[in-house]
Every structure is written in structure tokens, then in C-alpha cells.
Amino acid sequence: MALNDDEEPPPAKPGMARPMHQVLLTKYHNRKAPLAANDQKVVLELKGASSASSRAPLDLVAVIDISGSMEYGGKLDNAKKALHFIIRKLSSHDRLSIVQFDHEATRLCPLRCATEATKAELEALVGSLKARGATNIQAGLETGLDVIKERKFTSGRAANIMLMSDGGQNEGDARKVEPGTVPVHTFGFSSGHDTTLMDAIAKKSLGGVYNFVDDDSNKPSTNLSETFSQILAGLVTTIALDLELTVTPLLDEATIKKVDAGSYPLDTATDGSSSVTVRFGTLYCTEARKVIVELALGDHTASRSSYNADVAYVQYRFSFEGQQVSSSPERITIHRSRRAPVSAVAPPQVRSEVARREHADSIKAAMEKADGDKLEEARKILGEALKALERIVDPMVDMLRKELLKLLELFKTKDIYEKQGRPSAMSSVAGHDRQRFTARGDAEEIRIFATRRMDTYLEQAKQPDDKPIPSADDDVQEEPEVPHDLPAAAAATSMERRTLSVALRVVTTVLSLLAFSIMAGARTSAWDSGRYETYRYAIGLNVVVCFYSIVQACAKIRRLFWPSSMPQSISSYCYSLFLDQVLAYLLISASSAAASRNHLWASTYGRDQFDSKVNIAVWFSFLGFLALSANALISMANLFSRI
């Protein structure tokens with residue numbers, strides 16, 4: 001049967017003027033490295049915009065198990081409740097198709113736009129679901145994928161599958177199915193489902209995650225709805241499709257030793273560039289993807305003393321509203337010198353991300369031991385991982401600690417491990433590998449990688465069925481106003497400050513140069529006598545301010561056009577602020593003293609050409625003070641923006 005009868009979606013909403021600001025790249029690494037050969041770890045972070053006001057419309061296929069076992073314990077009723085929540089949350093730009101499977105699969109409806117009229121029909125379809133037959137997950141998954149693949153309307157739309165089952169397959173083999181680039185989010189409902197199978201299906205897709213939904217919890221009636229709500233909250237805030245990140249080393253400076261992107265696929269170039277591309281698929285609002293790149297820096301002890309080395313280029317690409325968006329290549333620059341420490345401590349962001357990966361590896365190692373009936377050894381591994389968290393300073397540590405404490409409880413006996421420990425650990429690993437929220441038994445206890453919208457949907461999913469809930473578009477209106485391009489706006493503000501600082505440094509240089517030149521040009525035959533001491537002090541100070549401003553202007557200009565060539569530490573901002581304030585104070589005191597002395601001289605002996613020149617010089621000196629004071633304010637803003 002042809003499945004290309006999907007409904008035509010309404011016209012897309014007006015697009016964004018600057019889709020590039022949907023994603024922001026941040027680089028974390030040591031700023032300095034020795035000239036001798038050494039290894040450097042770099043963390044590259046791609047983060048989604050903080051607003052989902054412009055997001056990709058959703059094409060969702062819900063693939064639901066209706067086998068005979070779903071009749072027991074109210075599991076099918078809970079699945080219906082979860083589907084009702086999804087239907088009510090979708091907007092008219094989103095489309096939903098429902099596929100049911102037992103020993104065979106049936107598409108109940110094509111992809112339909114979630115208008116108010118259609119929602120009532122979709123809810124009626126869900127209400128008619130009845131449990132029967134065997135479990136053929138392969139048939140359900142293949143039918144869901146066919147619905148996606150045979151769509152007529154695909155441009156700019158985020159296609160996803162949500163697959164729910166409570167047991168193991170007894171017909172077909174879903175491991176044979178190739179989902180391609182379609183994210184498949186799996187939900188293992190109850191302790192009797194095949195955890196390995198459901199995890200393998202999600203892992204085989206691009207960006208899909210495995211979720212464990214425990215029906216033995218104290219809230220089985222809402223547990224599935226809450227878990228569905230979390231994945232849906234991500235799907236309806238998708239702000240980038242086909243996201244990928246490419247790292248290209250500069251081979252005369254560095255080579256790539258390793259790229260750690262969790263379970264996301266890596267592609268290594270065959271054109272001789274040695275570049276590595278990570279394919280992420282989709283990115284949700286405020287979600288982050290971090291990649292650890294280990295670079296081997298070459299030996300340059302024989303050729304250079306110190307220099308700024310561009311060791312690699314980074315570029316990301318994604319599609320949005322049917323447009324292909326590519327960032328400009330960004331350099332990873334490290335200052336190499338003989339004085340740089342050989343074993344410098346990595347920045348805290350790098351240490352935290354490395355520790356989180358080690359945390360996930362500990363859970364994997366504990367699972368291997370537990371699967372081999374070595375529960376005590378597994379618990380020992382988890383205990384050591386718990387102690388390792390004491391050395392980490394990161395906001396996520398408390399949640400990681402809670403995750404390990406829960407797993408220690410679920411690894412106590414073989415029976416508990418089989419029912420809850422293994423699926424909880426598997427969903428934990430899936431979440432860490434994808435850097436995406438997963439349910440570890442329930443959706444409320446462990447909130448690692450949860451987004452703001454997920455928090456909102458969790459509360460909504462707890463509400464009674466008869467209470468109205470807002471649609472996804474309504475949620476955007478109710479969220480606090482946060483500009484989607486806030487990071488870009490911050491970067492633009494920083495650039496404006498740099499430009500203004502350069503202008504003020506140049507102005508200060510010119511004004512102080514004029515001040516001491518005019519005052520020096522007014523010298524008389526008695527210049528070296530004591531009565532001219534105040535003027536000599538003003539001239540000397542203007543000379544100091546002039547040369548200081550020249551040095552600062554040159555540094556600011558270089559930093560403006562080549563920002564990575566002169567990395568600034570917090571201490572350098574402190575020095576600038578200190579010198580700006582001290583010199584501004586000394587300049588205004590010298591200018592005031594010279595003006596007072598000149599006024600006294602003119603009132604006693606009358607005005608002459610000397611008085612006129614000194615008056616002009618004092619005015620230039622005073623204007624120089626104002627420019628230097630403005631620079632001090634900018635230096636203060638720069639310092640506080642870095643602290």
C-alpha cells in the first residue's frame with residue numbers, strides 16, 4: 001500500500017532573518033602550550049538558541065505495541081493517555097501518524113495536521129486501540145519508517161518516530177531494520193521488555209534515545225505520559241536539522257589523535273585534509289552537544305621562540321526552514337613558547353566534560369560486571385565513580401551523584417538488577433552518549449540534560465485529563481522573553497566595546513600629544529625655575545599618558561582584527577583597569593594644578609601668549625582625562641564580563 005497520502009501542511013511561518021544564530025559554537029582549551037611536542041584536549045560545544053519561537057514543524061509517527069500483554073496492568077490505557085497528551089500539545093503546523101502493531105503492523109492514519117478538528121479524530125482513533133496478538137516490533141518499525149520515507153511534503157520538517165513496547169519480540173527481528181537518519185526514540189514499558197533490543201534500535205538511528213518506563217513505580221498511570229512529554233518537549237523545540245561539526249587540523253602544526261562524540265557517527269575525510277566530521281542530526285532549543293578533540297601538537301623547539309599557532313579549524317553546518325546554513329571556519333589558536341608549562345591544567349570546562357565521559361564509562365563497566373553475575377565488582381566500580389565526583393566542580397555533579405546512588409540501589413541483587421538495574425543503567429548510558437534527556441525508570445528523579453521546555457511539560461503531564469493544556473505554540477508565548485540570539489547579541493556587544501575602546505585610545509593619544517606639544521612649545525627662558533614646576537609635571541604626565549595610550553591602541557587594534565592572536569587573561573583586564581584609573585586621576589590632578597597656577601599667574605601679571613597656550617594645553621589635557629576615564633569604564637565592563 002502506498003503511504004504517500006500525507007496531508008499538505010499549512011504555509012510555513014515567516015522565517016528568521018538570521019538563522020545562523022540558531023546555533024552557537026564555543027571552544028574550550030588551554031591558551032598556552034610548549035614548543036615541544038605535546039597533546040592538547042579541546043572541548044567544542046554547539047548550543048541551541050534559547051528560544052523556540054522559530055522551530056522546525058514536526059512530522060511524528062507514534063508506533064504503539066497493542067500485543068496481548070498490553071492488556072494487563074492497564075498498560076494500554078496508560079499508552080492511550082500518553083498519546084492523548086501528545087495530540088493535545090501539537091500545533092496545526094505539526095503532523096501525526098499512528099501505527100499499531102501486534103503480529104503485524106497497521107497504519108491507522110496518514111500524517112495529518114494537528115488542527116482542532118483533526119485532534120478529535122486522532123483521539124477517537126487512540127481510544128479504539130485494543131490489545132491482541134503477538135509482538136512484531138520489526139513490522140511496526142518498518143511501517144513507521146515507510147510513513148516517513150514516502151512523505152510528499154518534507155522541506156524543513158523534523159521527522160521522528162516514537163516506538164513503545166512492553167515486551168520482547170516473538171516475531172520478526174527489529175535489529176535488521178535500518179532507520180537511516182530518522183531519529184527513533186524507544187520506550188521500554190515495564191520490567192518485561194527487551195532492554196537490549198530497544199536500546200539497539202534507538203542507538204542505530206541518528207539522535208534517537210532509549211527510555212525505561214517502570215510500571216512498578218508508585219505512579220504507573222502517569223509515568224508513561226510524563227516520559228512521552230519529555231521527548232515531545234524536545235521534538236517541538238527542534239531548531240536545527242542535519243547538524244554536523246567538522247574539525248580540520250593544520251598538519252604542519254597538529255594532528256587529530258582522537259575525537260570523542262559519544263555514540264554520534266564520525267566521518268574521516270579521504271581527501272588528505274585529515275578532517276573529522278561529527279553528525280548529530282537534530283538539536284533542540286537550549287540543548288548542547290560537546291565534542292572532545294585530542295590534538296597532537298608537533299615539535300617546534302628548533303625553529304621558533306614563541307608564536308601564536310593556529311592548530312585547527314572548526315566549522316558547523318545545519319539546515320533550517322529548508323535553508324542550508326554554514327558557519328565561517330573558526331580557528332583554534334594556542335600560544336606556543338618555551339616558557340609554557342609542559343603539563344598545564346586544562347580549563348574547568350574541559351575537566352568537567354572529561355569527568356562526565358569517565359562517569360558514563362564507569363556505568364558501562366559496571367553493567368558488564370553485573371551481566372556476568374559479578375554484582376559486588378559492579379557496585380565497587382560505581383562506588384569508585386561516586387568518589388571521583390568529589391574532585392569535580394560543576395553544576396551537574398549533584399545530578400550525577402544522584403544517578404550513581406540510584407544505580408547502587410538497583411545493583412543490590414540479581415532480581416532487582418534484571419528488572420530495573422539494567423534498563424536504568426542502559427538509559428543512563430544512552431543519555432550520556434547522546435547528551436540528551438532519557439527517562440531512567442521515571443522522568444522526574446534524574447533530570448540530566450533536561451531543557452526548560454521539558455520542565456514545563458513534566459508539570460503539564462501530571463495534570464488531570466479533563467484540564468486543558470496549552471499547545472506547543474502557546475508554550476512559546478508563555479515562556480519568558482529571552483532573545484534567541486542572546487549569545488550573538490553578547491558577542492556583538494563585546495565587539496562594540498572593543499571598537500569604542502580603540503577609538504577612545506586613539507583620541508586619548510591625540511589629545512595628550514597635543515597637550516604636551518602645546519605646553520612644551522610655550523617654554524620661556526626661565527622654564528627650569530621652580531615656578532614652572534607645575535607645568536613640567538603636566539607635560540611629563542601627558543607624555544606618559546600618550547605613550548601608554550599608543551601601546552593600548554596598538555594592542556586593541558590587533559585584538560580587534562586578530563582576536564585569537566592576543567588572548568587576554570583576567571589579570572590583563574585588571575592591569576588595564578588599574579592603570580586607566582591611576583593615570584586618569586594623575587592627569588586630572590596635573591591639569592587642575594596647571595590651570596590653577598595659570599589663572600594665578602594671569603591675575604597677577606596679566607595675560608600674554610604663554611598663558612593662552614597653557615590654557616589651550618590644559619583644555620586638551622582635560623579632554624584627554626575624559627577619554628581615559630571612559631576607557632576605565634570599558635576596562636571595568638570587560639573585567640566583569642570575564643569574571
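Reply: Helices (H or I, at least four residues) and strands (E, at least two) are DSSP runs, numbered from the N terminus. The model is a predicted one, in which local features need pLDDT of at least 70 and side-chain atom pairs count only at pLDDT 80 or more, while totals for chains, interfaces and linings use all residues. Residues are numbered from 1 along each chain as its sequence is written, and side-chain values use heavy atoms, with hydrogens and water left out.

Me: In which helix does Ser589 lie?

Reply: Ser589 belongs to helix α14, residues 570–605. Ala538 is 51 residues away from Ser589 in sequence, with a C-alpha to C-alpha distance of 8.8 Å.

Me: Is Ser589 buried or exposed, or in between?

Reply: Buried means under 20% relative accessible area, exposed over 50%, and partly exposed in between (1.4 Å probe, protein chains only). Ser589 is partly exposed because its relative accessible area is 26%.

Me: Which backbone oxygen does the side chain of Ser589 reach?

Reply: A polar contact is a pair of N or O atoms within 3.5 Å; within protein, one must be able to donate a hydrogen and the other to accept it, and residues adjacent in sequence count only if both atoms are side-chain atoms. Here the side chain of Ser589 reaches the backbone oxygen of Leu586 at 2.7 Å.

Me: Which residues does UniProt list as "transmembrane region"?

Reply: UniProt positions are given in the numbering used here, feature names are shortened, and annotations may be inferred rather than shown by experiment. The unreviewed UniProt entry lists residues 502–522, 534–551, 572–596 and 616–640 under that name. In the model, residues 534–551 are 100% helix and 0% strand, with end C-alpha atoms 26 Å apart. Residues 572–596 are also 100% helix and 0% strand, and their end C-alpha atoms are 36 Å apart.

Me: How many cavities does a search of the whole structure find?

Reply: On a 1 Å grid over the protein atoms alone, a cavity is a set of points where a 1.4 Å probe fits but cannot get out, and a pocket is an open set with protein on both sides within 12 Å along at least five of seven lines; lining residues have an atom within 4 Å of a point. Grid points are joined across faces, edges and corners, and a volume is the space filled by probe spheres set on the points. The search finds three cavities of 30 Å³ or more. The largest cavity holds about 50 Å³ of space. Its lining takes two or more residues from each of α1 (75–89) and α10 (452–461), and α1 gives the largest share, three residues.

Me: What classes of residue line the largest cavity?

Reply: Ala, Val, Leu, Ile, Met, Phe, Trp, Tyr, Cys and Pro count as nonpolar, Asp, Glu, Lys and Arg as charged, and the others, Gly among them, as polar. This lining has four nonpolar, three polar and three charged residues. Among them are Lys81, Phe85, Arg88, Ser225 and Ala461.

Me: Where is Ser225 placed, and what is it in contact with?

Reply: Ser225 is in helix α5, residues 220–235, and counts as buried because its relative accessibility is 2%. Contact means heavy atoms within 4.5 Å. Leaving aside neighbours within four places in sequence, Ser225 is in contact with Asn78, Lys81, Ala82 and Ala461. A polar atom of the Ser225 side chain lies 3.4 Å from the backbone nitrogen of Ala82.

Me: What does the second largest pocket look like by volume and lining?

Reply: The second largest pocket has about 630 Å³ of space. It is lined by 24 residues, of which Glu45, Lys290, Asp394, Met396 and Phe449 are the closest to its centre. The lining divides into 11 nonpolar, five polar and eight charged residues. Its largest share, four residues, comes from α6.
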